[in-house]
Amino acid sequence: MAYPAPLKKLVDVLCRFPGVGPKSAQRLAFFLLRCPREEVVSIARAMVEAKDQLTFCPDCGSLAEKEACIYCNDSERDRLMVCVVQEPRDVLVLEKTGQYRGLYHVLHGALSPLDGVGPDELKLDRLVDRVKESGIQEIIIATNPNVEGDATAGYIAGLLRPLSIRVTRIAFGLPVGGDIEYADELTLSRALDGRREIT
Amino acid sequence: MSQRMFKADGLVLRTRPLGEADRLVTLLTGEEGKFEAVAKGARKMKSKLAAGVDIFSYGHYTFHRGKTWPVITSQDSIEQFTWFRDNPQLYPYGIYMGELVDRLVSGEEPCTSTFNLLLEGWRLLGSCDDSYIICRSFELKLAHLAGYSPHFHSCSACGTAGASKFSPRQGGMLCTHCASADVISIDKGTIAIVERLISAPLSQAHLIRLSAGQKKTLSRLTSAFLAYHLDLGDIKSRTLLKEYNT
Ligand SMILES: [Zn+2]
Ligand SMILES: [Zn+2]
């Protein structure tokens, strides 16, 4: 099919979004073409505004509107505890639990030798410096429970060992609401490892 | 390969996210060679498939032939390699072995020897404390399976015996007269070690003791030899092996 040039350009641009292939890109493009002009402008404006107004916190790497993020700026939060996550969106998910009141450290990735991401690319020395400079007492590692996330967690634990602070890994358990018989053996064996006493 | 359903035992070489919640998994099997398959929903927390389609998995898989890729319909774990949890230094070694195999096996032809070599390599990483030497032996054996082995007996240009320079480009020795600028000096002891690393079982590689000088020569030789003969280009995980271990 021969696209008119502006449509081809739009589809090509939309294809750059994660998880969007040519077919979805085409669907999105036609959606935009059918929209009133004002709506297309407001969509485009929202993208530019988000890009212009949001930044990453220089201390913890979370999404921030000004220099420092709302977590680092919040004097009510526990400054002795830092939770390490892979992506800024993981911070938002943890915040939703309403249970965690410490600070964060966002890695913006995980160790992935196949993609050329090593300890230097994740700037892991920055985390070590942060621990050394502040009185942090516990690091909770909340990277993804998969090979990359586990390897990253292990590597970070090794880096922090000489600093003799408490390093913990979030527990892995069974998904809430499921039946045990449907759990895969790896999840089940790690749920056993992470068992706790009922008090 | 014409039925709609098929089964294979495979090793997961790599995975990448696909669409909203799926994973595209690169599998190495003995009988069906290397191919990509889709694990639907494998990025969701509640996916039963997720654990068995991550890298370093060894399992029985069943597939349904899809439009673009086979779709994994079930997975039963045979072995999970988890040494990288206790020893994060082993992680880039395991990844590197998988990446070498991924680059070397091009498609869906049977590759039982390569499959067995990788399976043994991944097993040994967990049971053996010298991952460096296992990795060098693995590289040389893999090159050997691909039809390339260094020749050490005489100068490959003029035939003179007792040559002492190895030319990665020639894949063999050169005497002092024929040597070009990129040769690596290698003594008889190190030649014997390289030959043993190719011919002895992988499980015995750790019995070989290397001096610091021999280790350096071996690293240079394998790296240059692989680069010239296997046409692998830039191997990202090999660069990271160095970063991890300094
Ligand atoms: Zn912050
Ligand atoms: Zn010669």
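Two strands count as paired if DSSP finds at least two bridges between them. Strands (E, at least two residues) and helices (H or I, at least four) are DSSP runs, numbered from the N terminus. With that in hand, here's a quick tour of a predicted model, where local features need pLDDT of at least 70, side-chain atom pairs count only at pLDDT 80 or more, and totals for chains, interfaces and linings use all residues. Residues are numbered from 1 along each chain as its sequence is written, while chains are lettered from A and ligands numbered from 1 in the order in which they are written.

**The sheet in chain A**

- Chain A has an open sheet of 4 strands, ordered E4-E3-E5-E6 with parallel pairing.
- Strand E4 (102-106) and strand E6 (166-169) of chain A sit at the edges with a single partner strand each, so one side of each has no neighbour in the sheet.
- On average, neighbouring strands here are turned by 25 degrees against each other, direction ignored.
- Strand E5 (138-141) of chain A pairs with E6(A) in the parallel sense over 4 bridges.
- Ile139(A) has Val167(A) in E6(A) as its bridge partner.

**The two domains of chain B**

- Chain B splits into domain 1 (5-80) and domain 2 (84-244), with bounds from an automatic or database domain assignment.
- The centres of domain 1 and domain 2 of chain B, taken over C-alpha atoms, are 29 Å apart.
- In chain B, 15 residues of domain 1 are in contact with 15 residues of domain 2 (C-beta atoms, placed from the backbone, within 7 Å).
- Strands E1 (5-18), E2 (22-29) and E3 (33-39) of chain B each supply at least two residues of the side of domain 1 that touches domain 2.

How values were computed. Contact = placed C-beta atoms within 7 Å. Axes fitted to C-alpha atoms, helices over the stretch in contact; angles between N-to-C directions.
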